[in-house]
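Hi everyone, thanks for coming. Let me put the structure up on the screen, and then I'll walk you through it.

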Amino acid sequence: MTSSRGDDMYAWIRDLMPLNRSITGDGVRQTLRYLQDRLPDLEIYEVPSGTPAFDWVVPDEWNVREAYLEDETGHRFADFSRHNLHLVGYSEPVDQWLTLEELQPHLYSLADKPDAIPYVTSYYQRGWGFCLSHAERQKMKPGRYRAYIDATLKPGHLTYGDVVIAGESNREVLLSTYMCHPSMANNELSGPAVVTALGRWLQEADRKFTYRLVFVPETIGSITYLSRNLEIMKTNTVAGFQVTCVGDDRAYSYLESRLGNTYADRILRHVLHHHAGAYDSYDFTNRGSDERQYCSPGVDLPVATFCRSKFGTYPEYHTSLDDLSVVSAEGLQGAFDVLKQCIEAIEVNARYQATIPCEPRFGKHGLYPNVDTVGSGIDIRPLRDLYAYSDGDHDVLDIAERMGRPISDYFAVLNSLLNVGLIKPCVG
Amino acid sequence: MTSSRGDDMYAWIRDLMPLNRSITGDGVRQTLRYLQDRLPDLEIYEVPSGTPAFDWVVPDEWNVREAYLEDETGHRFADFSRHNLHLVGYSEPVDQWLTLEELQPHLYSLADKPDAIPYVTSYYQRGWGFCLSHAERQKMKPGRYRAYIDATLKPGHLTYGDVVIAGESNREVLLSTYMCHPSMANNELSGPAVVTALGRWLQEADRKFTYRLVFVPETIGSITYLSRNLEIMKTNTVAGFQVTCVGDDRAYSYLESRLGNTYADRILRHVLHHHAGAYDSYDFTNRGSDERQYCSPGVDLPVATFCRSKFGTYPEYHTSLDDLSVVSAEGLQGAFDVLKQCIEAIEVNARYQATIPCEPRFGKHGLYPNVDTVGSGIDIRPLRDLYAYSDGDHDVLDIAERMGRPISDYFAVLNSLLNVGLIKPCVG
Amino acid sequence: MTSSRGDDMYAWIRDLMPLNRSITGDGVRQTLRYLQDRLPDLEIYEVPSGTPAFDWVVPDEWNVREAYLEDETGHRFADFSRHNLHLVGYSEPVDQWLTLEELQPHLYSLADKPDAIPYVTSYYQRGWGFCLSHAERQKMKPGRYRAYIDATLKPGHLTYGDVVIAGESNREVLLSTYMCHPSMANNELSGPAVVTALGRWLQEADRKFTYRLVFVPETIGSITYLSRNLEIMKTNTVAGFQVTCVGDDRAYSYLESRLGNTYADRILRHVLHHHAGAYDSYDFTNRGSDERQYCSPGVDLPVATFCRSKFGTYPEYHTSLDDLSVVSAEGLQGAFDVLKQCIEAIEVNARYQATIPCEPRFGKHGLYPNVDTVGSGIDIRPLRDLYAYSDGDHDVLDIAERMGRPISDYFAVLNSLLNVGLIKPCVG
């Protein structure tokens, strides 16, 4: 059964599929405006080309009107109007006749996936190229071809969005995703869809923490974002999640932070263990998305990466096969649920201190049955364990992990103990 | 072959079996006086009902003269005079005729152990009840029964005992046991017997440390005891052992402290490993005795629990089957030996510092043979290892554990090295 | 194929085999002079008998001219002129006729190795004895024998050598070996040969660190050496290696320092893992050479022991079978290579700090290809990993270990990153 939330996310992905996203350009802009319609507090920023961002510079903006190869009979190949993956990202404008032989160095296809158009970009080396299915490529006979790219690559802006949803505290949780990939569904319209859905839910929820939702083009976008927000993020961030490839339903995946020991790692491992049972775990050598920036030395935010099937591991990855059939409402909903549980865990988790020595007489406080017989006392295990380890050193997550239970098993008894004053939060 | 010490302990248990112990009352008082005859320095304390003890209050005192069920022919069932487990602990006085149907909610038996009288108490919820073997219960025919309980439940005292056996230092080792269970042998006359025997031995032994032996009713007794002695115990206690179910010979068991990392845990694990070879190890989720209080946050004493067959794990547990056939002189002696070895280890263990750089010329000090041939040097391993690791950081227990030997292997060479001045104790 | 360096080392061992080394005497002196010819900066020291060294005293000097057993027909047994192992080390002079029965307590042979002359010494208990093959011993018929030892055991000197090869820093790496064993090849002419070869190489190499090469008689020599150099060594030594039994080719062995956690342990384990694949690892209970002094409490230098086949583990050990057939140019070369790699690792290893937040645009610095396609980025893994973990906490060895690669994989990229200023060394 699909939830309505999963259906919403799937519908957004379907709507956004045709746009030609890249690290800059109108496809990004239109994508952000579409999400802004669903998350009105989303702010959209424009950063001029040439702006420095640490070791990088915001590149020229790229926009495409038309692109194709045409043979002398007027038959078109790799037509951008059919699929925007046909054009190598950041191709320069060109209008030129070449022999097939001259054209070959500009063509990309995958012999082992003959029906897939590969995804290729050349952001920082000027040039042009076309991607096409190996099947289509093999239909190109020797002869002359017109390579036609009507595109602009010139000073403009890099566009990104964020929304900061304030809570009681200025301590922040980061959710970051990217939207620089053209028509591909799991990688990467699933991330923006799930983060947008989380934003809608968060705006309605009670919040101790502040939530920073970041929608950027990958790499240059997160670097630019960090160059403008690093200090506040380093000061305030308690945990962050890089959200990518979260739309299929074949796996749950966790890619650890640089050292694998941040609060985000602890939370995500815990939730995945109890939500998903088995999940795929990757160390930081498998990094590939914006965790490369968030976890870099000098930035070093507590960020773990969450995926369903991790980028690079599923057969449709970085090709036109990563289409609407790869993602599903159920897959998106599962990802949403994991991150929602991470947030709920973060909201509740803290260190508490018991207020009196020895076990309380729980019954006196209305928390405990009274007749002692063999076998009694089973049900009140979370109550007794939470109390027994509320020593000011262990947080609720530690206790849940020690007991092998999900932290959510302790939410109700935590409230009960707080209400009757048997525990109190630790400060600092 | 049984030792005379094991025989003594067994005889004490046999003598004490008939008394009707509970958390208060004359059964406890008589039990303590009996132990006092064997351990004259044992002090007996009386705490008035109504006295607060942290979250608890000392309850009314309970004493029973007579209790039974009687049918219209005068046939008695569940007669307290036959076995004091027949009466639910803390039953109120009653004299009332009921139909069998009306009586049923007041009856307790175990269908899966038809010959066992279960052990049931209702300390903090007023009421009454009878326990009987399932076999006896099935003989009760429909009809009217007189429930007769001639008992008093009224303000009086909670009774407990302790003895503090002073040593050179005021740093303390705690041995705690309980004696609130009616006629059951392993749980819990074995604990008081073994702790009393240890007290008798300790009074004769050289003692660096002070020993605090505590005999209390379980839970309310240890809470009351802690409410009166917490500060001195927190200041002085270096290690403590909860001693319970130490009379059978089917297993050795260790139940770790709250975090499993106290000095008592280290000592007990070490001794059990070398004394018992295989032993059963339980984490703190299996707690159930006074370690619940000693290890509670706010108390947090370094206390590990030692059992032969752990409470709750053996078939006779908390029934009339836990009788004199369950315990044995050998079983009690084994428990005594383990705790004696723990004490001997604590007495000797410390950090030492070598007094000169490089290996000493042990031979010069009369500690070493002189001809070097292949294979020599085997016997002097403890000597050389103790010296090599006497670096002020590792205590003798660390060294023994590193070498996989019992700490007692180092007692003699420790003395030798101290005598010739090659090592010196570390202060602080 | 043998290297010329391996051949050199083998030739030195062959030359030095006939000398009668002991903990003092001309055999040691001549051995050091031979090595000095190959390593001219080697300094030779003479310490008078009677000089105190911590718990020890430098013993009298021992020199032998002639020694043998002779029967009444003039047939000689255990003739020192045939093999210097025939005489128990530190035998007193004697000239005496005894019956075979009277002689037996002075004879040493190995029944299970009938052709081997055992190695026996009696440094600190005055006496005399002869070692011989069991085969030869069985030829001695009942009768009278002349025991003849023309030796001097009188005040003289203990002789040792060292060379300190200065580097940019006064922080030191220690290489220690011993040369107190008479005619045996693996134990112990291999150690002096390999350390001498390393000294020759080090004198030509760029050196950040200072290298202290120590050639001492075992035990009393290292104790004497430490008694004269302890302060400077404790202040400056970053890592040290005890080098012994490094001439055969049957194994690589590592014997850990006292706690197994020094920098020398880390380096040696790393190099052995990548150089040798499988290697034999021994804990400190298997100690037996000068690591006993270097790792003693009060000295506690960061010293690990490196062997090919560890002392005590190979069948020829401490007998005349440990001859030139046991060692080989290849075996010596392998040991040299391991220690050379340890030194190279120490020279390069340090903590570095990335100079800018986020990943650099490696391409801009000439360090990175530009076209992003599936599968690219594999070759630049060491570059990206070294940068990603240059956080000031992890040294290059940590990073290499985390990545499961030899540290040498990072030497080139480390230079590249330093050259373009993307990382900088951490101070302190």
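**How the chains are arranged**

Let's start with symmetry: chain A is superposed on chain B, with an RMSD of 0.1 Å, by a rotation of 120 degrees with 0.2 Å of shift along its axis. The two copies are thus related as by a three-fold rotation axis. For that superposition, copies are fitted by least squares on the C-alpha atoms of residues with pLDDT of at least 70 in both. Within chain A, the residue that comes closest to the rotation axis is Asn261(A), its C-alpha at 13 Å.

A quick word on ground rules. This is a predicted model, where local features need pLDDT of at least 70 and side-chain atom pairs count only at pLDDT 80 or more, while totals for chains, interfaces and linings use all residues. Residues are numbered from 1 along each chain as its sequence is written, chains are lettered from A and ligands numbered from 1 in the order in which they are written, and side-chain values use heavy atoms, with hydrogens and water left out.

Now, chain A and chain B. The contact takes 26 residues from chain A and 25 residues from chain B, contact meaning heavy atoms within 4.5 Å. Between them, these chains bury about 2,300 Å², 51% of it on carbon and sulfur atoms; buried area is the accessible area (1.4 Å probe) that two parts lose on being put together, summed over both. On the chain A side, Cys358(A), Glu359(A) and Arg361(A) lose the most area to chain B, together 28% of what that side buries.

How many salt bridges are there between chain A and chain B? The count is four, a salt bridge being a side-chain nitrogen of Lys or Arg within 4 Å of a carboxyl oxygen of Asp or Glu. Please find Lys364(A) and Asp55(B), whose side chains meet in a salt bridge at 2.9 Å, N to O. The largest share of the side of chain A that touches chain B, five residues, belongs to α10(A).

Next, chain A and chain C. Here 25 residues of chain A are in contact with 26 residues of chain C, and the two chains bury about 2,400 Å² between them, 51% of it on carbon and sulfur atoms. In chain A, the residues losing the most area to chain C are Asp55(A), Arg287(A) and Pro297(A), together 28% of what that side buries. Four salt bridges are found across this interface, and Asp391(C) meets Arg258(A) in a salt bridge at 2.7 Å, N to O. Helix α6(A) gives the most to the side of chain A that touches chain C, with three residues.

Finally, let's look inside. The largest nonpolar core has 141 residues, and among them Leu175(B), Leu213(B), Phe241(B) and Phe130(C) touch the most other members. Such a core is a set of buried Ala, Val, Leu, Ile, Met, Phe, Trp, Tyr and Cys residues joined through side-chain atoms within 4.5 Å. Ten residues of this core, the largest share, come from helix α9 (residues 329-348) of chain B. Leaving aside neighbours within four places in sequence, Phe241(B) has contacts including Leu175(B), Leu339(B), Cys342(B) and Ile346(B).

And is Gln242(B) buried or exposed? Gln242(B) is buried, with a relative accessible area of 0%, where buried means under 20% (1.4 Å probe, protein chains only). Gln242(B) sits in strand β13 (residues 237-243) of chain B, and the residues it touches include Tyr178(B), Asp290(B) and Phe306(B), not counting residues up to four places away in sequence. Helices (H or I, at least four residues) and strands (E, at least two) are DSSP runs, numbered from the N terminus.

Technical notes:
Buried < 20%, exposed > 50% of the residue type's maximum accessible area, 1.4 Å probe, protein only.
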